[in-house]
Amino acid sequence: MGTIESEIKEELDFQEEIQEETEDQKNEILCSWQEETYEMPLWEEKFSKKTLLKKLEELGSKRAFERGFNLKVYSDEEKTFPSFPLCKKPIPNTVIDPSWPRFAGVDPFGKNIVIFVIALSPIGVRYPVDIKIKVPRNEIIDTLLNMRVKHNLKMMVVEDNAAQIFIADGVKLKGGKDFPITTKTTSANTKRAGFASLEVEFATGMWCWAMGERAHEYDCSCGWCVWEREMDNHPEYETIDTIIACYYAREAAKLESEDRALLRGYEEIEID
């Protein structure tokens with residue numbers, strides 16, 4: 001079986017496992033309630049058994065349900081990014097030099113269309129500078145063109161599939177053939193590995209979120225707050241759109257880092 005077919009089968013099998021797991025979790029909770037071992041909420045008129053099962057189905061995860069309705073918080077072992085809080089710094093974003101190169105990751109087909117922009121410091125630290133979410137689908141190409149101008153982007157990365165290639169081609173058609181956008185082929189396995197490498201970067205101080213003195217409401221839906229919730233609660237949160245865009249922004253920056261390393265390698269070659 002070819003590579004593409006293998007990846008498709010792998011992804012379908014993975015989704016099927018998730019669906020089976022979700023059904024098993026629902027049945028487990030149903031059995032617990034029938035045996036009267038599962039604690040019901042104090043306000044049953046508001047949160048009946050039927051309402052709670054609907055919430056479980058919406059969340060798609062017993063663990064997320066336990067956290068939301070039984071206040072059982074996640075442990076570091078359960079989180080994908082336990083080191084993410086280390087990147088949060090109460091410093092003004094003026095520390096980000098405007099001359100540092102900037103890169104963007106784009107997730108145009110999630111629940112929230114996201115454009116995630118980072119700046120790369122001379123020593124390779126990634127500084128998030130802009131997270132644009134809920135971009136109207138019919139405005140995605142114009143928004144990418146505007147973001148390039150706003151941030152003087154050196155490169156954008158989107159996933160390598162038919163729909164996103166269409167976006168990349170559309171951007172180049174309107175913005176010129178030299179528009180800095182490329183696609184990256186990913187699978188379920190490469191995303192898992194990519195997320196694991198992001199966690200290593202957070203743990204080793206390669207990310208700095210210059211938060212300043214943020215005072216957002218707990219239910220704020222700005223790009224920064226959505227990113228924070230998704231990172232803090234993955235893999236149980238209902239969306240991962242900002243994480244995907246963040247990952248692609250990192251991949252765009254890696255292309256720059258690899259180019260720099262290659263150039264340094266050439267510079268070190270002495271020609272007799």
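User: What makes strand 5 (residues 153–159) count as mostly covered?

Analyst: In this predicted model, five of the seven residues of strand 5 are buried. A residue counts as buried when its relative accessible area is under 20%. Strand 5 is therefore described as mostly covered, since five of its seven residues are buried.

User: How many residues does the chain have, and what part of them is buried?

Analyst: The chain has 272 residues, and buried residues make up 40% of them. Its accessible surface comes to about 15900 Å², with 53% belonging to carbon and sulfur atoms. The chain holds eight helices and seven strands.

User: Which strands does strand 5 pair with, and how do you know that they pair?

Analyst: Strand 2 and strand 5 are joined in the parallel sense by four bridges. Strand 5 and strand 6 also run parallel, with four bridges between them. Two strands pair if there are at least two bridges between them, so four bridges meet the requirement. As examples of residues that stand opposite each other, arginine 102 faces leucine 153 in strand 5, and valine 157 faces threonine 182 in strand 6.

User: Why is glutamate 251 called buried?

Analyst: Glutamate 251 has 8% relative accessibility. The limit for a buried residue is under 20%, so glutamate 251 counts as buried. This residue lies in helix 8 (residues 241–268). Setting aside residues up to four places away in sequence, glutamate 251 touches Val157 and Lys184.

User: Why is asparagine 112 counted as buried, and where does it lie?

Analyst: Asparagine 112 has a relative accessible area of 11%. That value is under 20%, so asparagine 112 is buried. Its place is in the loop between strand 2 and strand 3. Residues up to four places away in sequence aside, asparagine 112 touches Asp107, Ile133, Lys134 and Asp241.

User: Which residues have the most contacts inside the largest nonpolar core, and which element gives the largest share of this core?

Analyst: The largest nonpolar core has 28 residues, and those with the most contacts inside it are Phe81, Phe84, Phe116, Phe202, Trp207 and Trp227. Strand 3, helix 6 (188–203), helix 7 (223–233) and helix 8 each give two or more residues to this core. Helix 8 supplies the largest share, nine residues. Apart from this core lies another, of 26 residues, among them Val106, Ile113, Ile167 and Ile181.

User: Why is the aromatic pair of phenylalanine 81 and phenylalanine 202 called edge-to-face?

Analyst: The structure holds 13 aromatic pairs. The rings of phenylalanine 81 and phenylalanine 202 are 6.2 Å apart, centre to centre, with 90 degrees between their planes. Rings pair if their centres lie within 6.5 Å, and planes over 60 degrees apart count as edge-to-face, so these two rings form an edge-to-face pair. The pair links distant parts of the chain, as phenylalanine 81 and phenylalanine 202 are 121 residues apart.

User: How do you know that phenylalanine 81 and phenylalanine 202 are buried?

Analyst: Phenylalanine 81 has 1% relative accessibility, and phenylalanine 202 has a relative accessible area of 2%. Both values are under 20%, so phenylalanine 81 and phenylalanine 202 count as buried.

User: Why is the pair of tyrosine 247 and tyrosine 248 called tilted?

Analyst: The ring centres of tyrosine 247 and tyrosine 248 are 5.4 Å apart, with the planes at 40 degrees. Planes under 30 degrees apart count as stacked and over 60 as edge-to-face, so 40 degrees makes this pair tilted. Tyrosine 247 and tyrosine 248 are both buried.

Note on methods. Residues numbered from 1 in each chain as written. Predicted model: local features only at pLDDT ≥ 70, side-chain atom pairs only at ≥ 80, totals over all residues. Heavy atoms only, no water. Buried < 20%, exposed > 50% of the residue type's maximum accessible area, 1.4 Å probe, protein only. Areas by Shrake-Rupley, 256 points an atom, 1.4 Å probe, with all protein chains shown as cover. Contact = heavy atoms within 4.5 Å. Core = buried A, V, L, I, M, F, W, Y, C linked by side-chain atoms within 4.5 Å. Phe/Tyr/Trp six-rings, centres within 6.5 Å; stacked < 30°, edge-to-face > 60°.
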